Amino acid sequence: MENINQDIENHYHKEGLFEEIILRLTEKGIDINNVSRADISAIDELHVRGAAVSEELAHSIDLKGAHVLDVGCGLGGPCRLLADELGCQTTGIDLSKEHIRTATQLSRLVKLDDKTTFVVGNATQLPFNDNTFDAVWTQHVQMNIPDKEKFYTEIFRVLKPGGHFLYYDIFKSGKSEISYPMPWASNETQSFLIQSTAMEQILDDLGFTKIQSKNQTQAGVDFFEHMIARLKAFGPPTIGINVLMGESTQPKLMNLLDHLKQGELIIQSGIYKKE
Ligand SMILES: C[S@@+](CC[C@H](N)C(=O)[O-])C[C@H]1O[C@@H](n2cnc3c(N)ncnc32)[C@H](O)[C@@H]1O
């Protein structure tokens, strides 16, 4: 397991990520002492449809003032969105030391460090007591995690009774081979895709009550077609996920788009309640 996690950390690793973001903000003429969430939202939301989908999810139930855990928080964009817009106290946990260092610095940069805390850790061994959080949130993380039962059991454990679990994720749908690289995996050894029905069965067995699920695939396809057309026409933006993915941005996005269009992968969001 250690080896898989190291491999996954390496997949996402970009040395000096925070410093690179600062450099690019400066290049764009943004005053470093006055950076807004919007200035960094193209880089700190590492999932299909970025900040727009976090916004939708954040407002899909009443999370005002809630204590929220983001499992696999990446660079912390969703934590800052929840803190800023809904006054949530947020904690993000991620395997990647560089992501956590960058998330912490970005929160300081946009002056949301009093409402956001970031810790290095493994989603399948959460360092929190039972019944700690009002809501647990995860986006585009479980594809990297082989032990799904442990992943969802830990989420259930740290959630308070009456609390909500919100997810936004990619699932296998067809039976065809998946082509790599993908944004979450350089090759198949880092990717553990399951069908959404398998996840729902695990959540059911844990005792979660389903509130809603939503197929988000078409919205994802539309987003990518627009993004790829822009990339082809204008080249990579100064600040975007290309800062993280570099030259592999286009093949990763094209592979994902192809599989979404062919129906072999789907994007789904959902809300569950721990009674
Ligand atoms: C595609 S990124 C999504 C980041 C963030 N959720 C977002 O949507 O902006 C996946 C993140 O999951 C993290 N991750 C993968 N496996 C993990 C694990 N076992 N425990 C904690 N974090 C993990 C990665 O380090 C990476 O930051």
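User: Which residues is alanine 103 in contact with, leaving aside neighbours within four places in sequence?

Analyst: In this predicted model, alanine 103 touches Cys73, Leu75, Gly76, Gly92 and Phe118, once neighbours within four places in sequence are left aside.

User: Where does alanine 103 sit?

Analyst: Alanine 103 lies in helix H6, which covers residues 97–109.

User: Buried or exposed?

Analyst: Alanine 103 is buried, because it has 28 C-beta neighbours inside 10 Å, and 20 or more is the cut-off for buried.

User: How far is alanine 103 from tryptophan 184, in sequence and in space?

Analyst: The two are 81 residues apart in sequence, and their C-alpha atoms are 18 Å apart.

User: Different topic. At what angle do H7 and H8 pack?

Analyst: At about 45°, with the axes 10 Å apart. H7 is residues 148–158 and H8 is residues 196–206. The two helices are therefore oblique to each other.

User: What is the handedness of the crossing of H7 and H8?

Analyst: H7 crosses H8 in a right-handed sense.

User: Which residues make that contact?

Analyst: From H7, Lys148, Glu149, Tyr152, Thr153 and Phe156; from H8, Met199, Ile202, Leu203 and Leu206. By class, the H7 contact with H8 comprises 6 nonpolar, 1 polar and 2 charged residues.

User: And which residues of H7 are buried?

Analyst: Phe151, Tyr152, Ile155 and Val158 are buried in H7. They are on the same side of H7, because the arc they cover around the axis is only 135°.

User: Why would residues three or four places apart point the same way?

Analyst: An α-helix has 3.6 residues a turn, so residues at that spacing point the same way.

User: Switching to H9 and H11. What is the angle there?

Analyst: H9 (residues 217–234) and H11 (residues 249–261) pack at about 145°, and their axes are 10 Å apart.

User: Left-handed or right-handed?

Analyst: The crossing of H9 and H11 is left-handed.

User: Which residues meet in that pair?

Analyst: On the H9 side, Thr217, Gly220, Val221, Phe224, Ile228 and Leu231. On the H11 side, Gln250, Leu253, Leu257, Leu260 and Lys261.

User: How many of them are nonpolar, polar and charged?

Analyst: The contact of H9 with H11 has 7 nonpolar, 3 polar and 1 charged.

How values were computed: Residues are numbered from 1 along each chain as its sequence is written. This is a predicted model: local features need pLDDT of at least 70, side-chain atom pairs count only at pLDDT 80 or more; totals for chains, interfaces and linings use all residues. Axes are lines fitted to C-alpha atoms, for helices over the stretch in contact, and angles run from 0 to 180 degrees between N-to-C directions. Helices (H or I, at least four residues) and strands (E, at least two) are DSSP runs, numbered from the N terminus. Angles under 35 degrees count as roughly parallel, over 145 as roughly antiparallel, 65 to 115 as roughly perpendicular and the rest as oblique. A crossing is left-handed if the near helix is turned anticlockwise from the far one by less than a right angle, and right-handed if clockwise. Two residues are in contact if their C-beta atoms, placed from the backbone, lie within 7 Å. Ala, Val, Leu, Ile, Met, Phe, Trp, Tyr, Cys and Pro count as nonpolar, Asp, Glu, Lys and Arg as charged, and the others, Gly among them, as polar. A residue is buried if 20 or more other C-beta atoms lie within 10 Å of its own, exposed if 12 or fewer, and partly exposed in between; C-beta atoms are placed from the backbone. The arc is that of the directions from the helix axis to the C-beta atoms.
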